[in-house]
Amino acid sequence: YTKVGRLLYISFYWYNNSITTTGSSNYTIQGMPYSLPHASSSGWQFIPVGYMNLGSNEVHRWQVNASDTLTLYGNSATDNASGTIEFSGAGVFFTS
């Protein structure tokens with residue numbers, strides 16, 4: 001990640017070739033390095049998913065739902081998985 005003024009550029013790739021997930025919760029990425037505005041008062045910031053291997057090639061997004069958390073949204077955002085999972089994303093957020 002790189003921060004310039006109030007803009008945070010973030011780029012990530014995550015891979016795990018031996019994972020099993022259960023339940024119906026959305027996938028999240030927690031621990032953003034800076035506080036991100038979220039909710040209706042600031043709009044719902046998001047970045048597109050670049051590459052995803054989770055059983056669907058549908059359009060997905062990483063949305064800011066808490067000041068330090070990105071949540072995956074899309075048709076298979078809560079799919080259970082067994083085997084390989086890959087995610088990526090890149091974009092710019094406003095910081096608090």
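Student: In which strand does Thr-69 lie?

Tutor: Thr-69 lies in strand S6, residues 69-73. A strand is a DSSP run of E with at least two residues, and a helix a run of H or I with at least four, both numbered from the N terminus. This is a predicted model, in which local features need pLDDT of at least 70 and side-chain atom pairs count only at pLDDT 80 or more, while totals for chains, interfaces and linings use all residues. Residues are numbered from 1 along each chain as its sequence is written, and side-chain values use heavy atoms, with hydrogens and water left out.

Student: How many helices and strands does the chain have?

Tutor: The chain has 0 helices and 7 strands, and its pattern along the sequence is β-β-β-β-β-β-β.

Student: Why is Thr-69 called buried?

Tutor: Its relative accessible area is 10%. Buried means under 20%, exposed over 50%, and partly exposed in between (1.4 Å probe, protein chains only). Thr-69 therefore counts as buried. Of the 96 residues of the chain, 35% count as buried.

Student: What makes the link between Thr-69 and Asp-68 a polar contact?

Tutor: Their side chains are joined at 2.9 Å. A polar contact is a pair of N or O atoms within 3.5 Å; within protein, one must be able to donate a hydrogen and the other to accept it, and residues adjacent in sequence count only if both atoms are side-chain atoms. The 2.9 Å pair joins side chains, so it qualifies.

Student: Which residues does Gln-63 contact beyond its neighbours within four places in sequence?

Tutor: Among them are Trp-44, Phe-46, Thr-69 and Tyr-73; contact means heavy atoms within 4.5 Å. Gln-63 is in strand S5, residues 61-66. The C-alpha atoms of Gln-63 and Phe-46 are separated by 4.2 Å, though the two are 17 residues apart along the chain.

Student: Why does Gln-63 count as buried?

Tutor: Gln-63 has 9% relative accessibility, so it falls under the limit for buried. The side chain of Gln-63 also has a polar contact of 2.9 Å with that of Asn-65.

Student: Why is Phe-94 called partly exposed?

Tutor: Its relative accessible area is 49%, which lies in between the limits for buried and exposed, so the label is partly exposed. Phe-94 lies in strand S7.

Student: Which strands each supply at least two residues of the nonpolar patch?

Tutor: Strand S2 (7-20) and strand S7 (82-94) do. The patch on the surface is formed by Leu-7, Tyr-9, Val-92 and Phe-94.

Key: Patch = residues over 30% accessible without salt bridge, like charges linked within 9 Å, V, L, I, M, F, W, Y side chains within 5 Å. Areas by Shrake-Rupley, 256 points an atom, 1.4 Å probe, with all protein chains shown as cover. Salt bridge = Lys/Arg side-chain N within 4 Å of Asp/Glu carboxyl O.
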